[in-house]
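Reader: I would like to learn how to read the aromatic side chains of a model. Could we go through them step by step?

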Amino acid sequence: SLHPALNHLAASSDLHQIEQRIRSVFKQLVAELARWAPAEWRPAIWWSAMLIDLPALQYLLEGGKPYPWFAENERLAAWTQSLSGGVAHDTDALVKNRSAGEALFDTWRHCWQQRWPSVDRRARYQLELLQNAILQSRRNLDSAGKVDRVAEAIALERHLIGIFRNQLQTPAAMFAYLGLVWLELVRFRGGAVRLKLVNTQT
């Protein structure tokens with residue numbers, strides 16, 4: 001469980017502190033995995049650390065006003081500064097590889113796929129299954145109809161658990177684990193936001 005890594009957050013912690021801690025926990029985990037993973041897996045693992053910042057980066061790219069805690073994040077601070085001049089941060093790998101109008105997640109995914117390790121056909125097939133499960137979940141959440149976000153997260157979690165349990169010692173299992181961590185952090189963030197809202201109303 002990730003909760004011990006988040007327990008030090010006091011009840012008085014504001015949402016910005018919680019957001020920063022969530023990002024820190026995810027990036028620390030990515031760094032830990034990269035240290036003991038085979039060398040050929042590491043480029044794709046390190047690229048995964050950026051995943052936690054994508055929603056905020058997309059928000060900035062769409063003209064959102066930066067939150068104060070963005071200044072404490074190196075990538076978000078650089079994007080905030082460059083976008084204030086009307087252009088995206090041109091030294092960022094995401095910008096260099098992004099097609100006009102492309103969502104940052106899609107750019108990130110294409111770059112991540114380029115960093116996959118050289119593996120046999122079966123292992124690559126499992127990576128593709130993992131990627132397709134995530135893409136399908138995103139499509140469902142982005143659909144015009146009403147979507148049960150909790151049910152969608154549970155469905156994705158079950159799929160990731162299946163990959164993790166059945167494909168041990170493969171890149172797919174490692175990235176499935178990172179996906180499970182991400183889902184737990186999203187749940188933690190949601191619970192923290194709801195608790196703060198309740199506390200401000202009482």
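Author: Let us begin with the rings in this predicted model: a search of the whole structure finds ten aromatic pairs. A pair counts as edge-to-face when the planes are over 60 degrees apart, and in the case of tyrosine 67 and phenylalanine 70 the planes stand at 75°, with the ring centres 5.7 Å apart, so this pair is edge-to-face.

Reader: Is phenylalanine 70 buried or exposed?

Author: Buried means under 20% relative accessible area, and phenylalanine 70, with a relative accessible area of 2%, is therefore buried. Tyrosine 67 has 40% relative accessibility, so tyrosine 67 counts as partly exposed.

Reader: Which geometry do tryptophan 112 and tryptophan 116 adopt as an aromatic pair?

Author: Their pair is edge-to-face, at 5.3 Å centre to centre and with 85° between the planes, and both tryptophan 112 and tryptophan 116 are buried. These two residues also belong to a cluster, linked by ring pairs, that includes Phe105, Trp108 and Phe175.

Reader: Which charged residue lies over the face of phenylalanine 105?

Author: That residue is arginine 138, at 3.9 Å from the ring centre of phenylalanine 105. In another case, the charged end of arginine 115 sits over the ring of tryptophan 47, 4.0 Å from the centre of that ring.

Reader: Which residues form a nonpolar patch on the surface?

Author: Phe164, Leu168 and Tyr177 form that patch, with about 260 Å² of accessible area together. Phenylalanine 164 is located in helix 9, which spans residues 149-166, and at 31% relative accessibility phenylalanine 164 counts as partly exposed.

Note on methods
Residues are numbered from 1 along each chain as its sequence is written. This is a predicted model: local features need pLDDT of at least 70, side-chain atom pairs count only at pLDDT 80 or more; totals for chains, interfaces and linings use all residues. Side-chain values use heavy atoms; hydrogens and water are left out. Patches are made of residues with over 30% relative accessible area and no salt bridge: like charges are joined within 9 Å, nonpolar side chains (Val, Leu, Ile, Met, Phe, Trp, Tyr) within 5 Å. Accessible areas come from the Shrake-Rupley method with a 1.4 Å probe; for residues, only the protein chains shown count as cover. A salt bridge is a side-chain nitrogen of Lys or Arg within 4 Å of a carboxyl oxygen of Asp or Glu. Helices (H or I, at least four residues) and strands (E, at least two) are DSSP runs, numbered from the N terminus. Buried means under 20% relative accessible area, exposed over 50%, partly exposed in between (1.4 Å probe, protein chains only). Rings of Phe, Tyr and Trp (its six-membered ring) pair if their centres lie within 6.5 Å; planes under 30 degrees apart count as stacked, over 60 as edge-to-face and the rest as tilted. A charge sits over a ring if NZ of Lys or CZ of Arg is within 6 Å of the ring centre and within 35 degrees of the ring normal.
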